[in-house]
Amino acid sequence: MPAYEDDDDLTTIRVAQFLPHPPAKVWRALTEPELIGQWMMPGDFRLEVGHRYTMAALPRPNTEFSGTVAAEVLAYETERMLAVRWQDADRPDAVDWTITWTLEPEGRGTRLFLVHEGFDPDDPTQLMARKIMGGGWRSSVITALEAVLDAL
């Protein structure tokens with residue numbers, strides 16, 4: 001089960017998870033569009049700073065999420081770090097989140113750190129989104145990522 005950190009910081013979700021796979025393999029799962037679609041959301045990701053793309057998810061009326069993520073690659077260091085910006089494609093001013101994945105070699109595997117930041121603690125819909133997404137990152141998304149890695 002993923003570790004929970006800084007749950008009192010309502011602006012951020014933090015997850016740390018050991019994966020029994022080398023960083024190069026984890027990096028593939030984080031950056032190859034066909035693999036991303038298997039564990040997170042389908043989209044036209046390209047590993048290029050400034051690349052804008054969309055991903056399709058289920059709409060969440062209780063968080064006012066349309067179901068389409070407008071994303072942008074902000075930065076990356078091959079096999080070490082990937083940072084992307086997420087906004088709601090239908091309401092780009094409603095949310096402005098940064099998701100940063102950091103990979104650290106650990107033994108024969110990788111310690112994967114996720115930081116999802118930019119939640120507005122004064123906005124009840126964003127607090128609901130943080131709660132839903134925090135649970136999703138920590139359970140279903142990490143589990144799906146592990147399944148993709150095991151199949152590679």
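Modeller: Happy to; we'll go through the core, the ring pairs, a helix and a strand. This is a predicted model, where local features need pLDDT of at least 70, side-chain atom pairs count only at pLDDT 80 or more, and totals for chains, interfaces and linings use all residues. Residues are numbered from 1 along each chain as its sequence is written, and side-chain values use heavy atoms, leaving out hydrogens and water.

Biologist: Which residues touch the most other members of the largest nonpolar core?

Modeller: Trp39, Trp86, Trp101 and Trp137, out of 35 residues in that core. A nonpolar core is a set of buried Ala, Val, Leu, Ile, Met, Phe, Trp, Tyr and Cys residues joined through side-chain atoms within 4.5 Å. Buried means under 20% relative accessible area, with exposed over 50% and partly exposed in between (1.4 Å probe, protein chains only).

Biologist: And what does Trp137 touch?

Modeller: Beyond its neighbours within four places in sequence, its contacts (heavy atoms within 4.5 Å) include Ile13, Met40, Trp86, Trp101 and His116.

Biologist: How many aromatic pairs are there?

Modeller: Five. Rings of Phe, Tyr and Trp (its six-membered ring) pair if their centres lie within 6.5 Å; planes under 30 degrees apart are stacked, over 60 edge-to-face, and the rest tilted. Trp39 and Trp101 make an edge-to-face pair, 5.6 Å centre to centre with 85° between the planes.

Biologist: Where do those two sit in the chain?

Modeller: Trp39 is in helix H2 (residues 33-39) and Trp101 in strand E6 (residues 97-106), 62 residues apart. Helices (H or I, at least four residues) and strands (E, at least two) are DSSP runs, numbered from the N terminus. Trp39 is buried at 4% relative accessible area, and Trp101 is buried at 3%.

Biologist: Why is the pair of Phe45 and Tyr53 called edge-to-face?

Modeller: Because their planes are at 85°, with the ring centres 5.4 Å apart. Both residues are buried.

Biologist: New topic: how many residues of helix H1 are buried?

Modeller: Seven of the nine in H1 (residues 23-31). Among them are Pro23, Trp27 and Leu30.

Biologist: What about Ala83, buried or exposed?

Modeller: Buried, at 7% relative accessibility.

Biologist: Which strand holds Gln87?

Modeller: Gln87 is in E5, which covers residues 81-88. Gln87 is buried, with a relative accessible area of 16%.
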